[in-house]
Amino acid sequence: MSPDARKALVVLVSVLIAVGIWGCAEQVETDQAPKALVQTHMAQWQRKNPDRAAQWIKEEKARHKIRPPADNRHLLTGDQGKGHVYGSYTERDILMWARETEKLVVEGSRIFHSAKLLGGTVGVSCDMCHPDAANTHPETYPKFQAQMGRVALLRDMVNWCIEHPVRGKGLAADDPRMRALEAYITAQRKGTPLEYGKH
Amino acid sequence: MIFRNAPRRLTASTTIGVVLLAMLCGASALAEPAGGVPRDAHGAARPEYQLRQLAKLVGSADQAGVPPGFDPQVWAAFVPADNATTPERIALGRKLYFEKRLSRDGTVSCATCHDVTRGFTDQRKVSEGIGGKLGTRNAPTVLNTALLQTLFLDGRSPTLDHQARMPITNPIEMGMPDEAAAVKAIASDASYQKAFKAAYGRDVNFQDIGRAMGVFERTLVFIDSPFRRFLTGEAKAVSADVKAGWDLFNGKARCVTCHPMNLSNPLGTDNRFHNIGVSARHQDFNSLARRALKALKADPSEKKLDELALSTEMGELGRFMVTKNRSDIGAFRTSLLLNVGITGPYMHDGSLPTLWDVMDHYNKGGEANAFLDGGVEPLALTEREIDQVVAFMFSLTDDRFAAENRRQFALQKAAASKSRKFRDDDLAFRRKIAFESRGAK
Amino acid sequence: MKRKSVETEYMEDRAALYRSLAKLDRRSFLKVSAAAAGAVLAKGLVPPHSFAPVSVAQGAEAAGADKPAFRFAYISDSHLYERKINDRFVRALLRAVEDVNALDPQPDFVFYGGDLAQLGQAAELELGAQILKSVKAPLKMMVGEHDWYLDMGERWRKLFGKPTYSWDHKGVHFVVLMSVMERDFWTKRGLTPMERMTTVAGLDNGMQSPFMVGEKQRQWLKNDLSRLADNTPLIVFSHSPLYKLYKNWNFWTDDAEEVQAILKRFENVVVIHGHTHQLLTNRIGNIHFHGLLSTAWPWPYAPQGMPELTIQMSRPDPFNPNDGCGDGEVLVHVDGLIDKVYNLWNRNPITVAKGYTASSGTKCIPPKPNRPGY
């Protein structure tokens with residue numbers, strides 16, 4: 001290869017690497033954003049209220065009825081699971097799953113019942129039209145919602161409510177608050193058959 | 001696209017704008033540019049001229065089939081069983097559309113108020129019929145009416161075929177005393193006898209007059225706007241402002257709640273009836289409704305309803321005249337938005353001259369009245385946001401009317417920059433609350 | 001450039017008209033109102049009286065045979081915030097006041113069903129009081145839990161007087177109860193007044209106690225009714241329903257049976273209650289229960305415990321913030337039973353006629369909903 005060609009090749013490769021790194025950096029940056037948001041609510045509150053951090057689930061449950069997640073203890077039975085790595089579960093696994101799921105649902109309940117956490121500007125919280133998440137009917141989505149001009153998922157309807165009756169700013173799909181709200185709303189309809197498209 | 005031309009036309013449009021302002025104060029609409037279009041009675045373009053323009057618009061497309069881009073199953077639902085589209089019926093319907101002998105004094109045809117050169121409406125506040133009589137309603141456009149579920153702004157007609165007949169016998173529109181007179185006016189014409197036989201296999205009769213016109217109107221499907229191209233994936237079809245306007249349309253401005261627009265239903269109307277307060281500006285609904293019930297009880301015929309709607313202030317009651325439901329007082333059908341840029345002035349009485357005025361009306365939450373639709377709330381839209389939604393609305397005009405669209409945009413922009421009569425920022429930004437001046441603060 | 005909008009000009013015209021009406025001397029004013037009343041009678045219009053739509057709910061048509069003795073209107077559950085926080089609720093209350101003032105002929109009085117404020121703030125209560133000042137007919141107030149639990153009714157009493165009272169009107173005895181008493185749940189938890197208020201303000205907040213009338217008021221009620229004969233028409237206003245519908249949402253009165261026992265001896269008792277923000281109908285023995293609409297927002301129907309007699313209102317459409325809300329009237333018959341008119345905004349009014357509850361749901365059946373609740 002001629003020295004000029006080699007120089008050109010080096011420049012080209014450097015440029016490509018630089019672009020690649022920049023691109024990855026962008027990607028990493030974007031990935032960090034929602035993770036950073038997780039810090040905002042729960043962890044922040046825990047830092048500010050260290051003595052009550054352990055209490056917050058208990059308090060929320062004292063205020064609002066939360067339907068528990070499914071009982072997974074049947075996974076502990078059966079002989080096939082004993083001593084294997086894959087396909088076997090322990091009591092601690094089941095306890096952890098339940099606790100973590102419940103935490104997200106309870107977090108959702110906190111946001112659901114608070115105009116401030118929803119980011120609303122008119123003092124309206126979800127429970128003012130949906131006590132105990134009544135009439136949220138998550139089992140009917142997806143459905144075509146003419147007044148939104150498209151097929152709506154539960155999160156689209158949640159965002160519509162946040163923007164209009166609650167007069168706040170809509171949440172991104174991966175916003176921890178949206179995830180918590182969806183968790184709570186779905187949890188409260190435990191046991192209802194799915195009937196997507198029902199109006 | 002539209003906006004690149006605007007600056008060049010600014011001086012011309014400002015001059016026109018000043019002239020227009022004077023005319024706006026009267027009852028007439030934004031005027032057409034001087035010269036160029038041969039005019040006829042009641043300000044309509046001459047029929048031959050309209051027919052030439054129409055031929056240019058539809059080109060050589062096969063009009064008897066499903067309009068291009070339409071789902072055939074959905075389209076089939078819009079065509080009545082007894083009135084399939086055939087070339088003979090289209091030709092007959094077109095002939096009747098321009099037929100002035102169907103009016104008592106021979107000066108008015110459908111094309112008078114639904115003029116090919118004026119957005120298939122007349123771009124006037126209210127329409128003018130025989131003897132120069134003015135009605136109380138703004139003429140809706142014939143474009144895309146095939147896709148509506150009811151006709152007339154109060155939905156008193158269930159189908160196109162039915163609606164087409166009504167103006168013929170309305171005393172202030174075409175003024176024929178009855179159906180027989182209308183038939184008589186054209187029955188002795190050999191070309192009509194032949195055309196009716198070819199189209200329907202029957203003699204000239206009133207029902208088929210309506211049917212044929214319905215067939216013709218069904219061919220007037222004009223949905224190919226820059227915005228539709230954007231919706232089908234062409235990102236550069238519209239400007240950034242139009243896209244921002246579309247976001248507002250679906251979000252802060254809440255338009256989509258009553259004007260849903262999507263690929264399955266591009267019309268931009270929910271086909272329902274809402275009281276947004278336009279009719280509330282001038283009267284006391286309660287006493288008007290009492291009078292209306294009395295009048296309708298005395299004569300419950302369809303013809304009487306048609307008369308009352310157009311010739312009296314009871315027409316302001318809108319859908320109530322048809323259903324007598326209290327929830328329908330002052331309610332009119334949501335307008336379709338396709339080609340809205342070229343079909344001004346706006347609202348059932350043509351009282352809003354430009355789309356900026358329309359935005360002002362909604363921005364302040366409509367007009368407070370006891371029957372106002374709760375979905376109409378103050379929107380707190382800024383001036384820039386209003387401009388973006390207006391830009392979006394102008395992007396809904398079919399490409400074949402692009403020149404007229406540009407012209408209307410310039411005219412409306414000039415007029416709006418001089419006068420925004422319906423604007424109320426205190427209400428729009430919720431500093432003042434509707435109903436407030438009547439009660440305590 | 002400050003321009004008067006079309007709307008401002010119109011409003012000014014209207015205001016001028018009202019002012020000129022106010023200036024009419026008594027004789028001319030009576031002439032005007034008599035003419036209006038005469039016109040209504042001549043047309044044989046059945047109330048509701050702004051005008052009678054032909055396709056009104058069946059209930060009202062059936063009731064036409066038995067003309068009521070008098071009417072009153074109601075507005076309820078406005079849940080006001082200060083206007084700079086929430087303009088929507090203020091607008092809705094103003095709209096209700098406008099509805100009620102536009103009634104022709106005017107009702108005998110206007111009843112306010114409680115929850116005027118949302119968080120019991122002085123500013124909220126005062127805003128509500130000011131708005132209600134423009135109600136033309138005499139106003140009768142009832143307190144709700146949202147008005148009470150910030151300061152235990154201190155501001156309410158200053159503005160509106162005693163929460164529990166009674167009066168007689170055209171042969172009917174009216175009672176207003178304070179039926180949202182709660183057993184103390186706040187002291188041992190060390191809650192601040194605001195925390196107490198926000199706890200009570202949450203419909204589904206399980207920390208609060210069930211509503212009740214309480215021993216003291218039951219005693220007062222017994223005394224108040226002691227001088228009345230069994231055939232006296234009796235109408236009791238209560239914020240909580242005075243029966244047990246759904247405890248989780250405090251659609252509940254804990255001592256309902258005791259209160260009902262006090263009312264048992266009367267031939268016809270009507271209980272009209274707020275709090276539930278929906279069309280609700282029930283009958284327990286001699287007592288006919290009717291709910292009031294809210295101006296602010298509708299509640300969903302309870303998942304359990306719904307009275308059989310209730311034919312639900314069609315599920316409100318969230319895209320219209322006024323759907324499922326409204327105000328209304330009560331047509332009182334000579335025997336004390338009522339036709340309850342729900343003036344739902346943007347919908348046709350629904351009338352639950354006396355014939356419906358009197359026949360235990362077999363006659364005068366109101367229209368069924370097409371959109372069920374979930």
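The model is predicted, and of the 199 residues of chain A, 28% count as buried. Chain A holds 6 helices and 2 strands, and its interface with chain C brings 18 residues of chain A into contact with 22 residues of chain C.

**Chain A**
- Along the sequence the elements of chain A follow the pattern α-α-α-α-β-β-α-α, which accounts for the 6 helices and 2 strands of the chain.
- When contacts in chain A between residues at least 6 apart in sequence are considered, 61% of them join residues at least 24 apart.

**Interface of chains A and C**
- There are 18 residues of chain A in contact with 22 residues of chain C, and the side belonging to chain A comprises 8 nonpolar, 6 polar and 4 charged residues.

**Sheet in chain C**
- Chain C contains an open sheet of 6 strands with mixed pairing, arranged in the order β3-β2-β1-β10-β11-β12, in which β3 (139-141) and β12 (350-352) of chain C are the edge strands, each pairing on one side only.
- From one strand to the next, the twist of this sheet averages 25°.
- Strands β1 (residues 70-75) and β2 (residues 110-112) of chain C run parallel and are joined by 3 bridges; A73(C) has V110(C), in β2(C), as its bridge partner.
- Helix α4 (residues 87-101) of chain C packs on the sheet, where it touches β1, β2, β10 (326-332) and β11 (338-344) of chain C, and the direction of this helix makes about 170° with that of β1(C).

How values were computed. Residues are numbered from 1 along each chain as its sequence is written. Chains are lettered from A and ligands numbered from 1 in the order in which they are written. This is a predicted model: local features need pLDDT of at least 70, side-chain atom pairs count only at pLDDT 80 or more; totals for chains, interfaces and linings use all residues. Helices (H or I, at least four residues) and strands (E, at least two) are DSSP runs, numbered from the N terminus. A residue is buried if 20 or more other C-beta atoms lie within 10 Å of its own, exposed if 12 or fewer, and partly exposed in between; C-beta atoms are placed from the backbone. Two residues are in contact if their C-beta atoms, placed from the backbone, lie within 7 Å. Ala, Val, Leu, Ile, Met, Phe, Trp, Tyr, Cys and Pro count as nonpolar, Asp, Glu, Lys and Arg as charged, and the others, Gly among them, as polar. Two strands pair if DSSP finds at least two bridges between them. Axes are lines fitted to C-alpha atoms, for helices over the stretch in contact, and angles run from 0 to 180 degrees between N-to-C directions.
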